[in-house]
Amino acid sequence: MPTAIAVTSPDLALPADPQTPAAVVLRAPQLQPLDEALTETAAVLEHHGHLVVLYSSACPPDHIRRLHTLRSVLESDRIAIVPLSLPPLGVAVLAHQLRQLTLGGFGPGVLACAARLLAHYVHAGALLGSVSGLDRVEVDLRSHMKSWLPGAHFAVLASPQPHLEHLDRHSQRAGLPAPGFATQLAVARGALAAEWVDGVLAPAWQVQGAYETRLPAESARWWGTQKLIEFAAAIPDPSVLHRLVSSVRREECRWCGLELIGERCAFCATPVARERSAGGAGSTPAAIAGPGAAGATGAPGAAATGTAPPMPPPPTAPPSPPSPLRRRGLSPVAPSGVPGAGSAPGQPDVRGPGATSEPSAPGRWDPPGLPGTARTVAHVR
């Protein structure tokens, strides 16, 4: 059976054709007891083998804790929990793309990591009636002030590059950068009446088609207002998505053994092991590297010959700066009767009576009054 794709709300599971697998919905804690959620998740794992869970940054913290609780209680490393910075409708569109790719023969590791890759090809934004509550896209002071004007609208693009444009009520310009590839537009209407998305944005972006869906419950929290129309443009053709994912270099996770793309495994979070040298010797992931990994990485030839590289010569200590007394033109003297062992000719010894002839180590400071402590007395004129 193909890998299961899960979302955190029914409104994030977009309708699809009969060939596309359905999405698994992991409901919020207040909507489903823990024992029922454990039973359903265990059944999904038994039927599909692996589960990839997607959630947006607007997902409530208790719901995110529920997801990690399910993974921990089931003690399963076959559940990948993937956070996304996309707006909620963008998460729904991305989940629909992954559901299509589950029929393409990709392994669970590649599918889970493909979520981060395909997120860069989703143009997600919204038409807002106010940006006073928007904190996920940078808003300048002028835009905040314009939010108080009647009839003000703002076109905001959150992904792949944040962009904000102030629009008049009857504006006929898109203002947002268009995708450089063929897309299909998903539209979800909130408490805002405007035809800008269908009449202006869709023609400017030259989308292949547009369809409406219900607004996700997390959208108002993500955008900071209920006066919005959310939209997301994404690649609709499964064959194009398949070629896009297939073109990325694949690696094998050194911890769980799954095939993956990108820099980190989505199931066990182990970073990808890159080649240690041009000869092809693999390196150990940093998360499971032993104490000698750092030394082996710094000397590729040592692993091949079995000999340690030559040690570099010890650094030469820099000359000590002159003492404050000599900078002021004063000369240290020793008490009468103390021999000047170890002193230069014509220069008195300044150590105490119990001092030895062995000098102190560089950088060492001996407290005054103890053996080996230098006493400095200055002539005061």
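What follows is a chat about a predicted model and the reasons behind the words used for it.

Reader: Before anything else, how much confidence does the predictor have in the protein?
Author: The protein averages a pLDDT of 78, and 69% of the residues score at least 70. Strand 1 has the highest confidence, at 98, and helix 10 (residues 300–305) the lowest, at a mean of 36. Two stretches need a mention here. Residues 276–312 have a pLDDT below 50, with 26 contacts in the model beyond near neighbours in sequence. Residues 328–381 are also below 50, and that stretch has 47 such contacts.

Reader: Why are W205 and F231 called an edge-to-face pair?
Author: Two values settle that. The ring centres are 5.9 Å apart, and the limit for a pair is 6.5 Å. The planes make an angle of 80°, and edge-to-face means over 60 degrees. A search of the whole structure finds 4 aromatic pairs.

Reader: What does that pair tie together?
Author: W205 is in helix 6 (residues 196–205) and F231 in strand 10 (residues 228–234), so the pair links parts that are 26 residues apart in sequence. Both W205 and F231 are buried. Ring pairs also link W196 with W205 and F231 into a cluster.

Reader: What makes strand 10 largely enclosed?
Author: The count is 7 buried residues out of 7, so the rest of the structure largely encloses the strand. L228, E230, A232 and A234 point one way, while I229, F231 and A233 point the other way. In a regular strand, side chains alternate between the two faces of the sheet.

Reader: Which strands pair with strand 10, and in what sense?
Author: Strand 5 (residues 123–128) pairs with strand 10 in the antiparallel sense over 6 bridges, and L128 stands opposite L228. Strand 8 (residues 184–189) also pairs with strand 10 in the antiparallel sense, over 6 bridges, and there R189 stands opposite I229.

Reader: Why is Y121 called partly exposed?
Author: Its relative accessible area is 29%. Buried would be under 20% and exposed over 50%, so Y121 falls in between. Y121 sits in the loop between helix 4 (108–118) and strand 5.

Reader: What does Y121 touch, leaving out residues up to four places away in sequence?
Author: F181, A233, A234, I235 and L244. Y121 and A233 are 112 residues apart along the chain, yet 8.6 Å separates their C-alpha atoms.

Reader: Back to the exposure cut-offs: are E75 and Q206 buried or exposed?
Author: E75 has a relative accessible area of 73% and Q206 has 66%. Exposed means over 50%, so both qualify. E75 lies in the loop between helix 2 (61–73) and strand 4, and Q206 in the loop between helix 6 and strand 9 (210–212).

Reader: What is noted about the phi of each?
Author: Phi is positive in residues other than glycine: about 50° for E75 and near 55° for Q206.

Reader: And where is the cis peptide bond?
Author: That bond runs from S159 to P160, with omega near 5°. P160 is in the loop between strand 6 (153–159) and strand 7 (163–167).

Conventions
Residues are numbered from 1 along each chain as its sequence is written. Side-chain values use heavy atoms; hydrogens and water are left out. pLDDT is the predictor's confidence in each residue, from 0 to 100. Helices (H or I, at least four residues) and strands (E, at least two) are DSSP runs, numbered from the N terminus. Contact means heavy atoms within 4.5 Å. Rings of Phe, Tyr and Trp (its six-membered ring) pair if their centres lie within 6.5 Å; planes under 30 degrees apart count as stacked, over 60 as edge-to-face and the rest as tilted. Buried means under 20% relative accessible area, exposed over 50%, partly exposed in between (1.4 Å probe, protein chains only). Two strands pair if DSSP finds at least two bridges between them.
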